[in-house]
Each structure stands twice: as C-alpha cells, then as structure tokens.
Amino acid sequence: MNTATTATVSLGAVTIGLGILAWHLARWWKTGGGAKAGPPGGGGRDPKILIPFLASIALGMLCVTAAGGLLGTGAVMLLDAGSTLGNWSLTAVTGTATPGVTRSGQKVLSPGGCAALVIYIVVLAGVWKSGGKVFHGKVTSGVTCGVMLGLSTGFSGVAAAAVVSVFDALGDKVTGVM
C-alpha cells in the first residue's frame with residue numbers, strides 16, 4: 001500500500017498553478033476555443049476545447065498523489081521547482097511571505113487507483129501521439145498545473161481529492177483489489 005507523500009506545497013507553487021489555469025481559461029473565454037468557434041471576441045465558447053487541458057490537470061494531480069515510483073518522484077521534483085520559482089517570484093514582486101499550504105490528511109492512490117493511473121497515462125499517450133503542437137502545450141501546462149495544485153488546502157486540493165477518490169474506486173473495482 002502506498003504511503004502518503006511527504007511533499008509540501010507552498011503558496012508560490014499554488015500561485016503558479018492558478019496562474020496557468022487562469023491563462024488557459026482566459027484565452028478560452030476570449031477566443032472561444034478556435035477560429036470557427038464563433039465571432040471575434042469569444043462568442044462561441046466550446047467547452048470541448050478545454051478537455052485536453054483539464055484531463056492533463058487531473059493527470060498532474062494523480063501523479064503528485066502517487067507517492068512514489070517514477071511518477072511520484074518526477075511530480076515531486078516538478079513541485080519543488082515550482083515552489084522555488086513561485087516563492088521567489090512572490091517575494092520579489094510583492095514582498096510577501098510564502099507559507100506552506102499543504103492539506104492535512106493527504107489522499108494517496110490505492111493499488112487499484114495506481115493501476116487506473118497507468119491505464120490513463122497509456123490512453124493520454126495515445127491521444128498525445130496524434131495531437132499537434134498546440135495540444136502538446138496544453139497537456140504539458142495542464143500536468144504542471146495539476147502537480148502545483150494537487151496537494152493544496154484550497155478548492156484545487158478538494159478537486160484533487162475527488163479525482164483520487166474516483167480513480168481509487170474505478171481502479172479497485174476494475175482490477176478486483178478491495
């Protein structure tokens with residue numbers, strides 16, 4: 001059974017994650033998602049355009065809760081880099097302190113949830129292979145956003161706990177691990 005990750009998230013990392021999320025949502029809101037989506041100025045906002053980005057946010061949240069292995073280690077390394085960069089930028093720009101905002105009672109993936117995560121990665125890798133440059137950028141920034149937000153105490157941390165719960169339930173049922 002996985003043990004909880006010892007990673008911590010700072011306000012700087014959460015700021016980076018929320019900044020990435022805000023960037024993508026603002027662009028989607030303004031452009032509507034594509035050239036044929038509607039009139040200039042964002043009239044036809046197609047929510048399907050957000051699917052790759054949101055799916056990759058879920059992947060990032062799941063990776064940071066994997067608590068070990070290559071996925072967990074890579075996610076924690078990315079989180080540490082984001083915390084360092086975010087803390088520096090908040091301190092340099094606003095002069096504020098950057099406290100830790102890691103939620104207590106962290107949720108980690110069960111063995112069945114880990115199996116579901118690997119299957120999810122295989123599916124996303126297949127979709128990635130057929131995607132273009134813009135799609136690759138959305139997935140990369142989405143995973144980064146998910147890693148930065150996955151352990152936080154705020155709404156994003158609640159969302160991550162929900163995603164982990166769904167993957168645990170799905171993976172445990174499909175694989176027979178109970």
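Which residues does serine 56 touch, not counting residues up to four places away in sequence?

Mentor: Happy to! This is a predicted model, in which local features need pLDDT of at least 70 and side-chain atom pairs count only at pLDDT 80 or more, while totals for chains, interfaces and linings use all residues. Residues are numbered from 1 along each chain as its sequence is written, and side-chain values use heavy atoms, with hydrogens and water left out.

Leaving out residues up to four places away in sequence, serine 56 touches Lys138, Val139, Gly142 and Val143 (contact: heavy atoms within 4.5 Å). Serine 56 itself sits in helix H2 (helices: DSSP runs of H or I, at least four residues, numbered from the N terminus). Because its relative accessibility is 1%, serine 56 counts as buried (under 20% relative accessible area, with a 1.4 Å probe and protein chains only).

Now let's step out to helix H2, which spans residues 51-64. The largest nonpolar core has 30 residues, and H2 gives the most to this core, with nine residues (a nonpolar core: buried Ala, Val, Leu, Ile, Met, Phe, Trp, Tyr and Cys joined through side-chain atoms within 4.5 Å). Val9, Leu62, Leu79 and Tyr120 are the members that touch the most other members. At least two core residues each come from helices H1 (11-31), H2 (51-64), H3 (69-94), H4 (111-130), H5 (133-149) and H6 (155-175).

Another view of H2 comes from helix H1, whose buried residues pack against H2, H3 and H5. Those buried residues are Gly12, Ala13, Val14, Gly17, Ile20, His24 and Trp28. An α-helix has 3.6 residues a turn, so residues three or four places apart point the same way.

Finally, the whole chain. The protein chain has six helices and zero strands, and its elements run α-α-α-α-α-α from the N terminus on. Of its 178 residues, 38% are buried. Among contacts between residues at least 6 apart in sequence, 81% join residues at least 24 apart.

Note on methods. Buried means under 20% relative accessible area, exposed over 50%, partly exposed in between (1.4 Å probe, protein chains only).
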